[in-house]
Amino acid sequence: MRDINGTPDVDLEEIMEMCAAATPGPWYVRNLDDDHAMNLVAVSTVEDTGGGERWPAFDEGEMIAATLVQSPRYVDCADSRWDENAAFIAMAREAVPRLVEEVKHLRKLLSDAQK
């Protein structure tokens with residue numbers, strides 16, 4: 001299918017399947033320390049304690065993604081937007097399903113109005 005501008009429709013069901021297959025939310029940004037107490041910015045299923053825990057004082061099974069691991073330098077981004085990227089990933093876990101439902105609702109309204 002195509003939208004009113006001729007652009008192919010986004011496959012909302014595929015997006016929802018991906019959401020359903022991912023680790024349940026909510027997700028949170030965690031500011032932790034890596035092995036040399038530099039910095040580790042991660043997305044987690046557990047809220048940040050504010051304590052900057054160092055491994056093994058946190059459960060790695062709670063981690064969804066990392067946007068900065070400085071030592072060894074495994075994860076880093078050229079624009080230094082570690083915190084912003086982590087916040088976006090965590091927010092997307094809840095926002096994407098809500099946005100898909102909103103698009104479905106709007107498509108239904110549009111379809112009903114065209115009848």
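Reply: Helices and strands are runs assigned by DSSP and numbered from the N terminus; a helix has at least four residues and a strand at least two. The model shown here is predicted.

Me: In what order do the elements of the protein chain run from the N terminus on?

Reply: The order is α-β-β-β-α. In total, the protein chain has two helices and three strands.

Me: And what is the radius of gyration of the protein chain, against that of a compact globule of 115 residues?

Reply: The protein chain has a radius of gyration of 19 Å, whereas a compact globule of 115 residues would have one near 13 Å. Along the principal axes, the C-alpha atoms fill a box of roughly 65 × 25 × 20 Å.

Me: What percentage of the residues count as buried?

Reply: Of the 115 residues, 22% count as buried. The chain exposes about 7900 Å², and carbon and sulfur atoms supply 57% of that area.

Me: Changing topic: which peptide bonds are cis?

Reply: Pro 26 lies in the loop between helix H1 (12–21) and strand E1 (28–32). Another cis bond joins Trp 55 and Pro 56, with omega about 15°. Pro 56 is in the loop between E2 and E3.

Me: Why point those out?

Reply: They are worth noting because most peptide bonds are trans.

Me: Which residue has a positive phi although it is not a glycine?

Reply: That is Ser 80, with a phi of about 60°. Ser 80 sits in the loop between E3 and helix H2 (82–113).

Me: Is Thr 49 buried or exposed?

Reply: Thr 49 counts as exposed because its relative accessibility is 54%, and the cut-off for exposed is over 50%. Thr 49 belongs to the loop between strand E2 (40–44) and strand E3 (63–69).

Me: And how does Ser 80 count, by its relative accessible area?

Reply: Ser 80 is partly exposed, because its relative accessible area is 40%.

Me: Finally, which residues line the second largest pocket?

Reply: The lining consists of Asp 33, Asp 34, Asp 35, Leu 40, Trp 55, Phe 58, Val 69, Ser 71, Pro 72 and Tyr 74. These residues divide into six nonpolar, one polar and three charged. The volume of the second largest pocket is about 160 Å³.

Terms used:
Residues numbered from 1 in each chain as written. Predicted model: local features only at pLDDT ≥ 70, side-chain atom pairs only at ≥ 80, totals over all residues. Heavy atoms only, no water. 1 Å grid on protein atoms, 1.4 Å probe; cavity = no way out; pocket = protein on both sides within 12 Å on 5 of 7 lines; lining within 4 Å. Points joined across faces, edges and corners; volume = space filled by probe spheres on them. Nonpolar A, V, L, I, M, F, W, Y, C, P; charged D, E, K, R; others polar. Rg over C-alpha atoms; globule rule 2.2 N^0.38 Å. Buried < 20%, exposed > 50% of the residue type's maximum accessible area, 1.4 Å probe, protein only. Areas by Shrake-Rupley, 256 points an atom, 1.4 Å probe, with all protein chains shown as cover.
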